[in-house]
Amino acid sequence: MTGLLPPPRLLCRHPSSGRRGSCLVTLLRWQWAAAVVLIAVSGPAIAQGYPAGPVRVIVPFPPGGGVDGAGRLISQKLTEALGKQFVVDNRPGANGMIGSEVAARSPRDGYTLMVNGANFVTTPSLYAKVTYDPVKDFAPVSLIALAPNVLVVHPSLPAHSVKALITLAKSRPGEVNFAGSGSGSTPHLAAELFNTLAGVTMVHVPYRGTGPAIVGLMSGEASVMFMPTTNAVPLVKAGRLRALAVTSLQRVSAMPELPTVSESGLKGYESSQWYGMLAPAGAPGDVLELLNSHIMRIMQAPDMKSRMTGEGLVAVGNTREQFAVHIQSELAKWAKVIKASGAKVD
């Protein structure tokens, strides 16, 4: 408290009565005033000294995937920006639920964070029991990036546009198959959203991962797939698959000539994998604002935008409030899709 309040004069004899006791009264009054000042300044003081040591960044998926890549990238950049180590801690299992629960139950001091993806908002509707609440148990920090899918078809399928695919699927209900990287995965639910909005019934052929799903599509076991941009670009350029549209609301720089599903006739359609940073609910607000300001700066830097484009991603970096709205919107949207489709986890 040095420099905030002058120390009291500990004169222990009352000037008028001569009774001792004013020392204690003066000291208590000073301590009370000091406590008020401490409360007023403690918030900013936390951020000014943050981080004082390593910060754990929980990634609830194994190394090597998209969520892990986003977690490692932003951890590296925050380490460079703040001068202390942001260390990725992979806690995979149960479609991200194990690591998310660890994060939710961690100390609320700003030294445990989490980077998660779109599974964070679909899991509550796919599983009967989830041990955490994605809204009440977490505080949004920032959306990091979006990863749109590309709607691709096998070259043998007589559909060269979204409208043509819808017409074909309506004329052959239950006969057009789409490949998915597992029940409840982003590619699976992207197709179910398409089914719901287009009023068609394409049938899910589940595979154990994106790689096997791509092999199944290439072999003709399935005719349609909502494929990650990074996988789709080289296959489309090689003529091995035909791209119809991207699933984001805006066109992507990696395939600028490709229209969106929404502008191709299915108005309002949007489905993207996303990566964002959260903290346990109750973490210091000023620390979260500090982290948010750095992430926004990092993701809007020209070199980062260029890097994201090269990887088929869209750099974001938005406010905590905007990320909170995004989470609420995604929870509501996918709950409806999952209920309507009857999607289940394998």
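Reader: How many nonpolar, polar and charged residues are in the lining of the largest pocket?

Author: The lining has 19 nonpolar, 20 polar and five charged residues. Here Ala, Val, Leu, Ile, Met, Phe, Trp, Tyr, Cys and Pro count as nonpolar, Asp, Glu, Lys and Arg as charged, and the others, Gly among them, as polar. Keep in mind that this is a predicted model, where local features need pLDDT of at least 70 and side-chain atom pairs count only at pLDDT 80 or more, while totals for chains, interfaces and linings use all residues. Residues are numbered from 1 along each chain as its sequence is written, and side-chain values use heavy atoms, leaving out hydrogens and water.

Reader: Which element gives the most to the lining of the largest pocket?

Author: That is α2, with six residues.

Reader: How do I read the packing of two helices, and at what angle do α9 and α10 pack?

Author: Two packed helices are described by the angle between their axes and the distance between the axes. In this model, helix α9 (residues 285–300) and helix α10 (residues 302–310) pack at about 65°, with axes 5 Å apart. Axes are lines fitted to C-alpha atoms, for helices over the stretch in contact, and angles run from 0 to 180 degrees between N-to-C directions. The two are therefore roughly perpendicular (65 to 115 degrees).

Reader: Which residues of α9 make the contact?

Author: Ile-298, Met-299 and Gln-300 do, meeting Pro-302, Met-304, Lys-305 and Met-308 of α10. Contact means heavy atoms within 4.5 Å.

Reader: Is His-188 buried or exposed?

Author: His-188, in helix α6 (residues 186–198), is buried, with a relative accessible area of 3%. Buried means under 20% relative accessible area, with a 1.4 Å probe and protein chains only.

Key:
Helices (H or I, at least four residues) and strands (E, at least two) are DSSP runs, numbered from the N terminus. Angles under 35 degrees count as roughly parallel, over 145 as roughly antiparallel, 65 to 115 as roughly perpendicular and the rest as oblique. Buried means under 20% relative accessible area, exposed over 50%, partly exposed in between (1.4 Å probe, protein chains only).
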